[in-house]
Amino acid sequence: MAKKDLVKTLADLKEKEALEIVESRLKAGDAPLGILDDARRALEIVGKRFSDCEYFIPDLVYSGEILKQITEMVKPKVKKGQEAKRLGKVVVGTVAGDIHDIGKDIVVFMLDVNGFEVFDLGIDVPAQKFVDKIKETGSKVVGLSGFLTVAFESMKETVEAIKKAGLRNEVKIMIGGGQIDEQVRTFTGADAYGKDAMEGVKLAKGWIGG
Amino acid sequence: MEKKWEEMSAKEKREARFKTWLSAEGVKFESPEAEDTYRKAIMRFKDAVLLEKTPDRVPIFPLGTFFQAYLYGVTPHECMYDYGKLLSASKRFLQDYKPDYYGSPAFIGSGKILDILDYKLYRWPGHGVSQNSIYQYVEGEYMKAEEYPALIDDPTDFWMRNYLPRVFGAWEPLTHLTPFPNLWEVVGVSGWMIPFGIPPVQNALKALIEAGTEAMAWIQQIMGFEMEARGMGFPTAIGGAAKAPFDILADTLRGTRAIMVDMYRQPDMLLKAMERITPLYIKQGVGMATFAGNPVVFIPLHKGADGFMSDEQFKKFYWPSLKALILGLADEGCVPFLFCEGSYNTRLEYLKELPKASCFWIFDRTDMANAKKLLGKRLCLGGNVPAGMILTGTAEQVKAYCKNLIDVVGKGGGYIMAFGTSMDDGKADTIHAMIDFTKEYGVYK
């Protein structure tokens, strides 16, 4: 029997088959990191298909569900200190006053599978928390998420807090979410906005490289 | 002799519903001018929506939640706990801005009732979010993946004993109640009552009485405002509400992540569940519209927008039950009002399947020129004034934007001026610009 291709199977979102391949590869003694790397490559294809409007949000969410199971199967076998090298650090959170997380979670997920180390601050995040995390991690990219219109003001305040802390020239700031457009970007003082998760990945790659 | 309701055609029913709306039963108009303004606003709406003749001008319906209060410095927390403050701001908004219709402050609801019930589906001002934040949905699986058969078997029992105990802390003990159809003869009555003797069940019932008492206090104040607003010459343009069956599953029951996985893991169950609940929401919309004496049924659309699913998924999972809901409501003489946030560019072709004037659509980020081209002869289209521009732009910018909307989408009628989203906050100069400019420039000659 020909060796089944995890990259293709996972990219095609065949849950059962993909999990079977992982199980048999683990049994056969395949390197766990190799399996995770294949999964990551599959998710890169998923991201590309999303950018090409071949896949949509349900497909991203479903790919995440499958990946979660694969990671749970493989992770216990990965030895400490073996984790793959990351492209760079990104701080992400939903701004103060807003508790929406679906969009933010998809951005975090896509940044992660595209090789970034992501610090997810969660929802309803005060400006100071972003500032503290940038200082602590030395991240070069910050992503502010918000679904509600009240997020416009919070995003602006967060950008100003970063400026006040003397970090504005150290970081690039991207924003995204429901009602965000170029007009809102100008209002908030952010560097760019992304209309979906893959645009966020593209922006981060452009700023950090990779 | 007048025809019996059940003998009427859909068109006759719709006409009868408009007649009831126009009759303004129980409204005390503050002047003959107010009465005239009221009726003209309804006729303007009717002409725009039914596409039978060109209205006198473009109707203006700025719909929102907390924005009227925001304009007068009333916080979301005050709106939900001090109804008087909300209502006086709502009244001042009508006096100062004079839109054609009012959006009901009932949309906001009472925070006190949510407190009593210990509501889990949302956070609200002062309860999980700050007093200046609006209420927000909490993602979660309020129905489990394996519960589709129970929902399909008996939706009412599912709501009563599975769903409500999860979304209301106070309702939790009511899982002990015996199913209602189990009661059939005298021998069963005494035993059937036993759960009502359990102390936690009795406490739950006490909480419901308390919530009900507050609901009466709340609705009295709301209705006071509503009758006053009508007396001032402003009709409401919403009679009832319903939801797309997919969104009931996706927002109310399963949550966004779970529903997306269900499309892959149990598509047949999902389809069966939507088919099962669709008639319930036709019934809800019709019932509310009849009670309110207003044909318009508000349907906020969520998870079928561009990007939220593929064309294939929309065609399979979202559209059939939404279409059945729209047709079912229209068949009873109602006017479904599809409130379509996000964009619907890839869905417009489906809307061609809807009969002429069977409903109207308020769009957010949809390409309006294209929508007019594809659907203008068939359906009334409205909205598209961006929230971002209203909140961060200038009056001049808004006027230019509205001018283009009136020129392109308003051409020949069939357009309603509205925000693209339900506004949570606002800005005086831009909202004035939208309303005042449309009153002047939107007149059909």
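1. First, the ground rules. This is a predicted model, where local features need pLDDT of at least 70, side-chain atom pairs count only at pLDDT 80 or more, and totals for chains, interfaces and linings use all residues. Residues are numbered from 1 along each chain as its sequence is written, while chains are lettered from A and ligands numbered from 1 in the order in which they are written.

2. How confident is the predictor? pLDDT is its confidence in each residue, from 0 to 100. Chain B averages 97, and 100% of its residues score at least 70. For the model, ipTM is 0.87 and pTM is 0.94.

3. Now the overall build. Chain B has 19 helices and 9 strands (DSSP runs numbered from the N terminus: H or I and at least four residues for helices, E and at least two for strands). Its radius of gyration is 23 Å, close to the 22 Å that the globule rule gives for 445 residues, so chain B is as compact as a globular protein of that length. The radius is taken over C-alpha atoms, and the rule is 2.2 Å times the number of residues to the power 0.38. Along its principal axes, the C-alpha trace spans about 75 × 55 × 50 Å.

4. Of the 445 residues of chain B, 47% count as buried. That label needs 20 or more other C-beta atoms within 10 Å of the residue's own; 12 or fewer makes it exposed, and in between is partly exposed, with C-beta atoms placed from the backbone.

5. Strands count as paired if DSSP finds at least two bridges between them. β1 (residues 122–125) and β3 of chain B run antiparallel over 2 bridges, and B:R123 has B:Q136 as its bridge partner in β3.

6. Which residues does B:L94 touch, beyond those up to four places away in sequence? They are B:Y102, B:A229, B:M232 and B:F234 (contact means C-beta atoms, placed from the backbone, within 7 Å). B:L94 sits in helix α5 (residues 83–97) of chain B. The C-alpha atoms of B:L94 and B:A229 are 7.8 Å apart, although 135 residues separate the two along the chain.

7. A:D124 counts as buried because it has 22 C-beta neighbours inside 10 Å.

Methods
pLDDT is the predictor's confidence in each residue, from 0 to 100. Two residues are in contact if their C-beta atoms, placed from the backbone, lie within 7 Å.
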